[in-house]
Amino acid sequence: SVLTDKSAMKKVFTNLVRNAKEATDRFPATMEIEINCNQEECQVVFRDFGRGISLVHQEKIFSKGFSTKPDGEGIGLWLAKQMVQKHGGELKLLRSNGQVTEFILTLPL
């Protein structure tokens, strides 16, 4: 099993789901969450079909204070990545091409 702080991981999942929901103009919004585990780690892929993240912004999305939202504080993805790293894991953007955006969260078992 994955040993984590339940509250911290809930915040990570909530942030990724909220960002996906806000990134889509479709109704209903569509998102997929795929979980794959092996003997060493679990990977969770968050996949949405929204407008995507521009190439210019992809490098900055995990930076503290960076936001593309007019009222955004720019701490959501930064904080999510910090929490995952404190658990010995990794959070990264796999791809975002205007049709699909995928984040992958990897946690050790």
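A nonpolar core is a set of buried Ala, Val, Leu, Ile, Met, Phe, Trp, Tyr and Cys residues joined through side-chain atoms within 4.5 Å. The model described here is predicted.

**The core.** The largest nonpolar core has 17 residues, and the members that touch the most others are Val12, Leu16, Val84, Leu91, Phe103 and Leu105. Two or more residues of this core come from each of H1, strand S2, H3, S3 and S4. Beyond its neighbours within four places in sequence, Val12 is in contact with Ala80, Met83, Val84 and Leu105.

**Helix H3.** This helix spans residues 76-86, and its buried residues are Leu77, Ala80, Met83 and Val84. Viewed down the axis of H3, they fall within an arc of 125 degrees, so they line one face of the helix. An α-helix has 3.6 residues a turn, so residues three or four places apart point the same way.

After H3 comes Gly88, which has a positive phi, near 80 degrees.

**The surface.** Val17, Ile33 and Ile35 form a nonpolar patch on the surface, and together they have about 250 Å² of accessible area. Val17 belongs to helix H1. Is Val17 buried, partly exposed or exposed? Its relative accessible area is 35%, so Val17 counts as partly exposed, the class between under 20% for buried and over 50% for exposed.

Key. Residues numbered from 1 in each chain as written. Predicted model: local features only at pLDDT ≥ 70, side-chain atom pairs only at ≥ 80, totals over all residues. Heavy atoms only, no water. Buried < 20%, exposed > 50% of the residue type's maximum accessible area, 1.4 Å probe, protein only. Helix = DSSP H or I, 4+ residues; strand = E, 2+ residues; numbered from the N terminus. Arc of directions from axis to C-beta. Contact = heavy atoms within 4.5 Å. Patch = residues over 30% accessible without salt bridge, like charges linked within 9 Å, V, L, I, M, F, W, Y side chains within 5 Å. Areas by Shrake-Rupley, 256 points an atom, 1.4 Å probe, with all protein chains shown as cover. Salt bridge = Lys/Arg side-chain N within 4 Å of Asp/Glu carboxyl O.
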